[in-house]
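Thank you all for making the time this morning.

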Amino acid sequence: MRRATTALGFLATCLLSFACGGTATDTNGEGGSSSTGSGGSGSTGSTSTTDSSSSSTGSTSTSGSTSTSGSTSTSGTGGSSGCTLTADTTQTSAVSSSGCHVLDRDTSACEAARTAQGLSGFWLKMSCRVTLSATTENGVAVVKAEIDEQPDYESNYFPTSNACHEDYTGAIQNPNYIVAKDTVVEFAQTPAGSGSNFMGAIVGIALNGVPIFGNFAAPGDDIYQEAKTFDRCGGHPQMNGNYHYHSEPFSISNDDDAFIGVLRDGSPVYGRKDADGSYPSDLDSTGGHTGTTLDSPSKAVYHYHVNEQTSTNAQSSGQKQWFLTKGGYHNAPAACGACN
Ligand SMILES: [Zn+2]
């Protein structure tokens, strides 16, 4: 029922704005199921034609090159690409099966400005690519985050002419490309009020400035099918070029307890584990629970976790996915004019 209501809400939202693009049948524009077809389920057949040429070993790209060796560049590629989005990031040794390294992000350059505004805790872990400001709107304390919605690692969803493009053949590529945006997302500074099902597209942001979308696709599409179009690090763009995450973002968290981002109701999202290393067993209907965290070690706070869900959709029944959300907010989300 939650999925149905959110889908209807999303459709209504899309009909009122250009945010979802013009094609009625694929309002989220992710091109997942229609462009890839059911043959995409990891079979080698249907998808290899478009991708194989660039993935061959003779490629001049650095994709797939050994990514270790202390390079200060990022995400599974070599170091000399000229991609400026990777500035202030350093690869760690934690790497996903798709080849995406968890990144350390140096936030020292923006910490003083944030603490001067009274921000603390997980807010200080947001990449300096995210511009934060604490303010009051209609008597409510909010945090505004200005983001360009681009990832801070290379992706096959950058156009090949972009220095941040990498070849990647581990997934099906949807027809969309990443476009830089200028978006302000607003957050409750103190979680309060009643929760609700997600409405619209952007329900939060990850610490690197990439929007978090819900655990569902546009009406008519199947998120479990769309998951086959995620790039090396777990994101993909919709038809207007807005890059986003639905599920565990491997450059930030990989089966760990890392802070990942924050939803618009002001509560943080962590990886699969709690700070004590255990997997939570008491997550509620919005995918969270109350307890201490890495960023609130002495005071229990509500927080979300990456949580595994299983498809009941006909075409993907039984398929599992580690999502960032479970379809709703625990508390009331801040108003956000750009989040539709
Ligand atoms: Zn927890």
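Which residues of the largest nonpolar core touch the most other members? Before I answer, let me say that this is a predicted model, and I will come back to the confidence of the prediction towards the end. The answer is Val185, Phe187, Ile205, Ala206, Ile212 and Ile260, out of the 52 residues that the core holds. As for where the core draws its residues from, the elements that contribute two or more are E2, together with strand E4 (140–147), strand E5 (183–188), strand E7 (204–206), strand E10 (243–245), strand E11 (259–263) and strand E12 (268–270). If we take Ala206 as one example and set aside its neighbours within four places in sequence, we find that Ala206 is in contact with Ile212, Tyr245, Pro249, Ile252, Ile260 and Gly261. Apart from this core there lies another, of 10 residues, and among them are Ile172, Ala218, Tyr224 and Phe230.

Let me now turn to the hairpin. Strand E1, residues 89–95, and strand E2, residues 101–105, run antiparallel and are joined by four bridges. There are five residues between E1 and E2 in this hairpin, and Gly99, which sits in the turn, has a positive phi of about 95°. Within strand E1 we find Thr90, whose bridge partner in E2 is Asp104. The C-alpha atom of Thr90 is separated by 9.2 Å from that of His101, a residue 11 places away along the chain.

Of the 340 residues in the chain, 46% are buried. When we consider contacts between residues at least 6 apart in sequence, 65% of them join residues that are at least 24 apart.

Finally, the confidence, as promised. The mean pLDDT of the protein chain is 82, and 76% of the residues reach 70 or more. Over residues 1–29, however, the pLDDT is below 50, and this stretch has 54 contacts in the model beyond near neighbours in sequence. Residues 31–79 likewise have a pLDDT below 50, with 85 contacts in the model beyond near neighbours in sequence.

Notes
Residues are numbered from 1 along each chain as its sequence is written. This is a predicted model: local features need pLDDT of at least 70, side-chain atom pairs count only at pLDDT 80 or more; totals for chains, interfaces and linings use all residues. Two strands pair if DSSP finds at least two bridges between them. pLDDT is the predictor's confidence in each residue, from 0 to 100. Two residues are in contact if their C-beta atoms, placed from the backbone, lie within 7 Å. A nonpolar core is a set of buried Ala, Val, Leu, Ile, Met, Phe, Trp, Tyr and Cys residues joined through C-beta atoms within 7 Å. A residue is buried if 20 or more other C-beta atoms lie within 10 Å of its own, exposed if 12 or fewer, and partly exposed in between; C-beta atoms are placed from the backbone.
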